Amino acid sequence: MLDLKAVAADFDTYEKRLARRGEAAAAALAPVKPLAARRRELNVLLEKQKKEQADANASMRALAKGDKAAMEAARAGLRALGDAAKKTEAELGEVEAELERLLLTVPNVPHESVPTGKDEHDNVVVKTWGEKKAYGFEPKPHWEVGEALGILEWQQAAKLSGSRFTILKGAGARLERAIISFFADVHGSRGYVEVIPPYLVTGETMTGTGQLPKFEEDLFKTTNNPPLYLIPTAEVPVTNMHRDEIFEADALPVSYCAFSPCFRAEAGSAGRDTRGIMRQHQFHKVELVKFAKAEDSYAEHEKMLDDACEVLRRLGLHYRVSLLCTGDMGFSAAKTYDIEVWCPGQGAYREISSVSNCEDFQARRIRVRYRGENGKPRLAHTLNGSGVAVGRTVVAILEQYQQADGTVVVPEVLRPYLGGLERITAQKFPRGVER
C-alpha cells in the first residue's frame with residue numbers, strides 16, 4: 001500500500017509514476033486526491049473544535065459558582081461544541097476508512113529503472129545463460145514426452161478434479177519430489193532458512209501481501225465464516241510471518257525458502273496454456289522471501305535473482321532473464337525480473353520464476369519495521385521470488401533433456417535424489433477398463 005502522507009504531499013508525481021503502468025493504475029489513484037484534501041480539512045477543523053472545547057472549559061471554570069444562568073449557557077455551548085467535534089470525528093473516520101479501501105486497490109509505483117511498456121512484448125532481456133541445444137530430431141513438447149513415457153496423466157486427473165489438473169506417476173512423481181529437495185538444499189546452502197508454512201490463511205494475511213481485495217476472483221477459499229484462503233504462493237504466509245514486528249537493524253536481511261503447493265483459480269487466463277502442465281490450478285513451488293533494510297533492498301534483489309538462477313545453472317537448463325516493463329509487472333512489485341527457461345518442444349522461452357522487490361508496499365500493510373538511525377522504526381522492504389516453480393522445471397527437463405528414442409536423461413545433480421537413476425524410460429501402469 002502506498003504512503004497516504006507522501007501521496008497527498010505530492011499527488012501529481014505519484015500520478016505520473018503510476019501512469020507508467022497504464023491508465024487504469026492512474027485512474028485507481030484519482031479518487032484519493034479529493035478525499036485526502038477533505039481529510040486535511042477535517043483534521044484542521046477537528047483541531048480547531050478541540051481548542052474551542054478547551055477554551056470553553058477554561059471559561060466555564062472561571063465563572064462565578066452562583067451565576068446559574070451563565071453556567072447553564074456555558075454547559076450548553078460546551079455540549080454543542082462536543083457534538084460538532086463528534087460529528088467531525090465521525091466523518092473523518094469514514095473518510096479515512098474510504099481512503100484505506102481505495103489505497104488497497106492502487107498498485108505499487110514502478111522503480112525508475114523499470115522500462116515503460118504495455119505488455120510482455122516491451123520487456124527487456126538483460127542476460128542469457130547457456131545455449132540452445134542442437135537436436136538431430138524434432139523436439140517434442142513436454143505433454144507428448146510425458147504421455148509417451150507414462151509419467152504424466154490428464155484423463156484420470158480430469159475425472160478427479162476437472163481441467164487444469166495433472167497426475168504425475170512413477171518416475172514423474174519421483175522427479176518432482178527430487179527437484180523440491182534439490183532446490184531446498186541449494187537455497188539452504190546459500191543462507192535461506194527453510195520453512196513449511198500453512199497452506200490455508202486468513203483474509204487479513206491475503207490482504208497483507210496484496211492478493212486482497214484486488215484479486216479475490218483468482219483465489220480458492222473455504223466456505224466457513226470467515227473463510228480461509230488456499231495460498232497462491234508461499235510468499236503470502238511467509239511474508240506475513242513477521243507482521244507487526246520490529247527487527248533490530250543488524251538482524252536484516254532475513255531470508256527464507258519455503259516449499260508449498262500453490263492454488264490458483266486462474267480466472268483471467270481462459271484459453272491460455274491449456275495443454276500440458278504450464279498453467280495449473282494446483283502446482284508446487286519453492287519460494288524465496290527476504291526482509292531487507294531500505295538502503296540494501298536492491299542489492300538483495302540482485303542476489304535473490306542470482307540465487308533463483310543458480311538452481312537452473314546447476315541443472316544445466318538454458319534460460320534468459322528479462323526485466324519486466326511497467327505494464328507487465330505484478331500489483332505489489334516496484335521492480336521484477338522474470339527468469340524464462342527455454343522449451344525447445346514449444347519453440348519458446350517460458351517463465352519459470354519472477355523475482356520482485358516490493359520495497360515498503362507490503363510492509364506498510366503488515367507493519368513490518370526495523371530500527372533505523374537513532375533507533376527510530378522504519379518500514380522494511382520485502383522481496384520475493386520463485387526459487388523456482390517445480391512443475392515448470394519438470395517441463396524444462398522433459399523438453400531440454402529429451403532423446404531421439406523418447407527417453408529423458410536425468411540431470412546429473414538430481415541423480416542422487418533419484419537413487420542414481422540416469423534416464424527416464426517408458427513406464428506402463430495397471431489400468432482398468434472404463435465402464
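Reader: Which residues of α6 are buried?

Author: This is a predicted model. In α6, residues 142-149, the buried ones are His 142, Trp 143, Val 145, Gly 146 and Leu 149.

Reader: Where do they fall, seen down the axis of α6?

Author: Within an arc of 160°, so the buried residues line one face of the helix.

Reader: And what's exposed on the other side?

Author: Glu 147 and Ala 148 are exposed there.

Reader: What do the buried residues of α6 pack against?

Author: Four elements: β2 (152-153), α13 (390-400), β16 (408-409) and β17 (423-424).

Reader: Let's take α13. At what angle do the axes of α6 and α13 cross?

Author: They cross at roughly 80°, and the axes come within 9 Å. Angles of 65 to 115 degrees count as roughly perpendicular. The two helices are therefore roughly perpendicular to each other.

Reader: Which residues meet there?

Author: From α6, His 142, Val 145 and Gly 146. From α13, Val 395, Leu 398 and Glu 399.

Reader: What's the split by class?

Author: The contact of α6 with α13 has three nonpolar, two polar and one charged residues.

Reader: How many residues of α13 are buried?

Author: Eleven of its eleven, so α13 is mostly covered, with buried meaning under 20% relative accessible area. Among them are Arg 392, Thr 393, Glu 399 and Gln 400. Val 394, Ala 396 and Ile 397 are also on that list.

Reader: Back to His 142. What's its relative accessible area?

Author: It is 0%, so His 142 is buried. His 142 sits in helix α6.

Reader: Which residues is His 142 in contact with, leaving aside neighbours within four places in sequence?

Author: In α13, Val 395, Leu 398 and Glu 399. The contacts of His 142 also include Leu 152, Arg 275, Gly 276, Ile 277, Met 278 and Gln 346.

Reader: What follows α6?

Author: Gly 150 follows α6, and its phi is positive, near 80°.

Reader: New topic, sheets. What's the strand order in the open sheet of three strands?

Author: The order is β7-β13-β14, with mixed pairing.

Reader: Which strands stand at the edges?

Author: β7 (246-247) and β14 (377-379). Each has a single partner strand, so one side of each is left without a neighbour in the sheet.

Reader: In which sense do β13 and β14 pair, parallel or antiparallel?

Author: Antiparallel, over three bridges, with β13 spanning residues 369-371.

Reader: What's the bridge partner of Arg 371?

Author: Pro 377, in β14.

Methods
Residues numbered from 1 in each chain as written. Predicted model: local features only at pLDDT ≥ 70, side-chain atom pairs only at ≥ 80, totals over all residues. Heavy atoms only, no water. Buried < 20%, exposed > 50% of the residue type's maximum accessible area, 1.4 Å probe, protein only. Arc of directions from axis to C-beta. Contact = heavy atoms within 4.5 Å. Axes fitted to C-alpha atoms, helices over the stretch in contact; angles between N-to-C directions. Parallel < 35°, antiparallel > 145°, perpendicular 65-115°, else oblique. Nonpolar A, V, L, I, M, F, W, Y, C, P; charged D, E, K, R; others polar. Pairing = 2+ DSSP bridges.
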